[in-house]
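Subject: Structure handover

Hello,

My notes on what was found follow below it.

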Amino acid sequence: MSQQPSPRRRHLMDPSAPRKAPDPQDIERLQRTQRRVVAALIVTTVLHLAVGFVIAADHVDPDRTDARVGLSLIATAFMVGGIAATLLVLRRSWRSPWLLLGLLPGIAGIWWTVL
């Protein structure tokens, strides 16, 4: 009754066959994809936060115009900061015309809640 060794399972490390070194181009593509995913997460998170501030401004007492404008300005600051962070994650200059998109929540918030 001879026992044959069981075949080595694929998920275990095989000392006799080490993995080959990763290709630098593959690593660069992976990092580029990771940066794009993080940038998309930043934009969507900050956009939801800014919209939440605008909705909160709509729920403030109509007599408190200062609070409504203040919440809209906070939404604008978060959106501009989020766009700048996204540009930095993508390794671009944060000084860009894209920052003007950050003004949209403030403009929309003031138009919707104050005017």
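**Ser 72 and its surroundings**

A polar atom of the Ser 72 side chain lies 3.1 Å from the backbone oxygen of Arg 68. For polar contacts, the cut-off is a pair of N or O atoms within 3.5 Å; within protein, one must be able to donate a hydrogen and the other to accept it, and residues adjacent in sequence count only if both atoms are side-chain atoms.

Before going on, note that this is a predicted model: local features need pLDDT of at least 70, side-chain atom pairs count only at pLDDT 80 or more, and totals for chains, interfaces and linings use all residues. Residues are numbered from 1 along each chain as its sequence is written, and side-chain values use heavy atoms, with hydrogens and water left out.

Ser 72 sits in helix α2, residues 65-89. Helices are DSSP runs (H or I, at least four residues), and strands are too (E, at least two); both are numbered from the N terminus. Ser 72 counts as buried because its relative accessibility is 0%. The classes are: buried, under 20% relative accessible area; exposed, over 50%; partly exposed, in between (1.4 Å probe, protein chains only). Beyond its neighbours within four places in sequence, Ser 72 is in contact with Ala 57, Gly 106, Gly 109, Ile 110 and Thr 113. Contact here means heavy atoms within 4.5 Å.

**The core**

Which residues form the largest nonpolar core? There are nine: Val 46, Ala 50, Val 54, Ala 75, Met 79, Ile 83, Ala 84, Leu 87 and Leu 99. The elements giving two or more residues to this core are α1 and α2. α2 gives the most, with five residues. By definition, a nonpolar core is a set of buried Ala, Val, Leu, Ile, Met, Phe, Trp, Tyr and Cys residues joined through side-chain atoms within 4.5 Å.

- Val 46 is placed in helix α1. Its relative accessibility is 13%, so Val 46 counts as buried. Leaving out residues up to four places away in sequence, Val 46 touches Phe 78, Met 79 and Gly 82.
- Met 79 is in contact with Val 46, Leu 47, Ala 50, Leu 101, Gly 102 and Pro 105, leaving aside its neighbours within four places in sequence.

Ile 42 is also in helix α1. Leaving aside neighbours within four places in sequence, Ile 42 is in contact with Gly 82, Ala 85, Thr 86 and Val 89. Ile 42 and Gln 4 are 38 residues apart along the chain, and their C-alpha atoms are separated by 55 Å.

**The surface patch**

Leu 47, Val 51, Ile 55, Trp 111, Trp 112, Val 114 and Leu 115 make a nonpolar surface patch of about 730 Å². Two or more residues come from each of α1 (24-58) and α3 (104-113). α1 gives the most, with three residues. Val 51 is in helix α1. Val 51 counts as partly exposed because its relative accessibility is 42%.

Patches are made of residues with over 30% relative accessible area and no salt bridge; like charges are joined within 9 Å, nonpolar side chains (Val, Leu, Ile, Met, Phe, Trp, Tyr) within 5 Å. Accessible areas come from the Shrake-Rupley method with a 1.4 Å probe; for residues, only the protein chains shown count as cover.

**Salt bridges**

How many salt bridges does the structure hold? It holds three. The cut-off is a side-chain nitrogen of Lys or Arg within 4 Å of a carboxyl oxygen of Asp or Glu.

- Asp 26 and Arg 29 meet at 2.1 Å, N to O. Both lie in helix α1, three residues apart, about one turn of the helix.
- Glu 28 and Arg 35 meet at 3.5 Å, N to O. Glu 28 is partly exposed at 31% relative accessibility, whereas Arg 35 is buried at 16%.
- Arg 64 and Asp 66 meet at 3.2 Å, N to O. Arg 64 is partly exposed at 43% relative accessibility.

**A loop residue**

Arg 91 has a positive phi of about 60°, although it is not a glycine. Arg 91 lies in the loop between α2 and α3. Its relative accessibility is 61%, so Arg 91 counts as exposed.

Best wishes
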